[in-house]
Amino acid sequence: MDYDIAIIGAGVAGSQLGTLLSERLKGKRIVIFEQLEKPILKDSGIVSRDIEKFIKTKKIKKLIRKKIKKMTLFSPNGKTINLENKEPFAYALRRIEFARAMKRPVEDMIKYERVLSVKLRSDCCLVTTEQDKYFVRLLAGCDGANSLTRRAMVEKGITKQPKLLHGAFTQGKETRKIKVYLNKFYSPDFFAWNFFGECGLATAHRPRAHLDYFLKRQDVKPKRIFASPIPLGLLKSFADRCLLIGDAAAQVKPLTGGGIIYSLKAATYAANTIEKSFSLGRFDAATLKAYEKAWRDDFGSEIKNGLRLRAIYRKMTNKQINELFELFKDDVEKVFAKEAVKRYDYLSAAASGIPKKKITKFMLKNLNLLA
Ligand SMILES: Cc1cc2nc3c(=O)[nH]c(=O)nc-3n(C[C@H](O)[C@H](O)[C@H](O)COP(=O)(O)OP(=O)(O)OC[C@H]3O[C@@H](n4cnc5c(N)ncnc54)[C@H](O)[C@@H]3O)c2cc1C
C-alpha cells in the first residue's frame, strides 16, 4: 500500500481534513493530491461567525475583509428587506489569504498532481494521477463540485450527482453596501449580488447572458469573470474505503450557495470517523457511515428544508416575489434581527419564526407554487 490515507483536493475541506488527521494519526502515511499550485478566487468568502471556531483568533483577524451587520434584499419592483443586526452576523474573508492560511499547515503533505481517475475496491482504492498510480487504504474525496471521487461512487450506484448551478462574478468599484437581488430577469432560479465591489449571480440557465444583463443594469463594466459550479442536493457521502467531503458531497446551503462552514464542519466529522476507523482497523461502509450520521444530524435537515424552499422559489414569478416582500418584510426583518448571529448557517430553521397563518394564506393564493 502506498498511502494509508489519500485526500484529493486542498481546498477548504481537504486542507482542514489534512490538518486534523496529521495531528491525530501520527505515523500514518497521508497524502493530499492537488492540481493547482496557487489558489484561485472562486467565491465571495462570506461566512458566519462560526469561522472563529475553526481558525485561531489571532489569525482570523487578519483574514477578515469586512464585518457584516446589514444586507439589503431587493424585490423586482425595488422594495427592500433589511437584514440587520446590532452585532456583525457574518464576515467577508480575504479569500485568497484564507485559502493560503488553510493550506499552510498541510503544505508538506501535498503532491501537486492532477488526479485522472479513481477506482474503488473492497481491498483498497486506486488513484491514478498524471504522474503515477497509488494504492491507498482510505480515500477522502475533497475534490469540489465536479468531484472525480463522487463520479466513481455514482458509477457504482452508491450515490447520485447533485444539481449544478453556475456562479459567476466580476470585480467592479469597491462599494460599502451588500445588495442582494431576487429578480427572475437577473437569475431565474437563484439570486444576484453586488457587494464590496463584487457583482455576480448564480443560476442553472445561461449564466453569462444573465450576468451581462445584470452588470449592465448595475452600470458595471465586466473585467475578468470568475466562474465556478455550485452543487446542490442531499447526497450519500460514504462507501467502502471512501468518503466525500465539502462541495464533492454538495454540503452547501441551498438558500445562499455558501459551503465554507459546512465543509469545515464536515471535515471535522470525517476526521473523527477516520480516526475511529484506524483504531478499529475497519474501513468498510458500515464503519464509515458514522461520518454521514454526524453531518446530517448537524445540517442535513437544513439542506433538506433549503432544497424545498428553493423548489418553491424557482416556480415564483417576479409578481409573486413583489407580493412576498410586501407581506413578509416586517416578519423577516424581525426574525433575522433576533436569530442571525446564532443561526446564519441555519436560515430555513430560523424562518420557522414567521407566522404560519400568513404563509398558508400566501400559499393558498398562489397554488401553482405547491404543485
Ligand atoms: C460564485 C461562488 C460564490 C460563493 N460564495 C460563497 C460564500 O460567500 N460563502 C461560502 O461559504 N461559500 C461560497 N461558495 C461556495 C464555496 O466556494 C464552496 O462551498 C467551498 O469552497 C467548498 O470547498 P471544497 O474544499 O469542498 O471545494 P473546493 O474549494 O472547490 O476545493 C476542491 C479542490 O480540489 C482540487 N481538485 C479538484 N479536482 C481535482 C483533481 N482531479 N486532481 C487534483 N485536485 C483536484 C481543486 O483544485 C480544489 O483545490 C461560493 C461558490 C461560488 C461558485
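In strand 7, A90 is the bridge partner of S48. This pairing belongs to a predicted model, in which local features need pLDDT of at least 70 and side-chain atom pairs count only at pLDDT 80 or more, while totals for chains, interfaces and linings use all residues. Residues are numbered from 1 along each chain as its sequence is written, and side-chain values use heavy atoms, with hydrogens and water left out.

Strand 3 and strand 7 (residues 90-93) run antiparallel and are joined by three bridges. Strands here are DSSP runs of E with at least two residues, helices are runs of H or I with at least four, and both are numbered from the N terminus; two strands pair if DSSP finds at least two bridges between them. The open sheet around this pair has three strands in the order 3-7-4, with antiparallel pairing. Strand 3 (46-48) and strand 4 (64-68) are its edge strands, each pairing on one side only. From one strand to the next, the twist averages 30°.

A second open sheet has seven strands, ordered 6-5-13-14-15-12-16, and its pairing is mixed. Its edges are strand 6 (80-84) and strand 16 (226-232). Within this sheet, strand 13 (residues 178-181) and strand 14 (residues 192-195) run antiparallel and share four bridges; one of them links Y181 to A192 in strand 14. Helix 8 (residues 318-343) packs on the sheet, touching strand 5 (70-74) and strand 6, and its direction makes about 5° with that of strand 6. Contact means heavy atoms within 4.5 Å; axes are lines fitted to C-alpha atoms, for helices over the stretch in contact, and angles run from 0 to 180 degrees between N-to-C directions.

Helix 8 also packs with helix 10 (residues 356-365), at an angle of about 170° and with axes 11 Å apart. The two helices are therefore roughly antiparallel, a term for angles over 145 degrees. Among the residues that meet are L324, L327 and F328 in helix 8, and I359 and F362 in helix 10. The contact comprises five nonpolar, one polar and four charged residues.

Finally, there is one cavity of 30 Å³ or more, a cavity being a set of points on a 1 Å grid over the protein atoms alone where a 1.4 Å probe fits but cannot get out, with lining residues having an atom within 4 Å of a point. The largest cavity holds about 40 Å³ of space. Its lining includes I46, V47, I260 and I261, and strand 3 and helix 6 (260-280) each supply at least two lining residues.

Conventions:
Angles under 35 degrees count as roughly parallel, over 145 as roughly antiparallel, 65 to 115 as roughly perpendicular and the rest as oblique. Ala, Val, Leu, Ile, Met, Phe, Trp, Tyr, Cys and Pro count as nonpolar, Asp, Glu, Lys and Arg as charged, and the others, Gly among them, as polar. On a 1 Å grid over the protein atoms alone, a cavity is a set of points where a 1.4 Å probe fits but cannot get out, and a pocket is an open set with protein on both sides within 12 Å along at least five of seven lines; lining residues have an atom within 4 Å of a point. Grid points are joined across faces, edges and corners, and a volume is the space filled by probe spheres set on the points.
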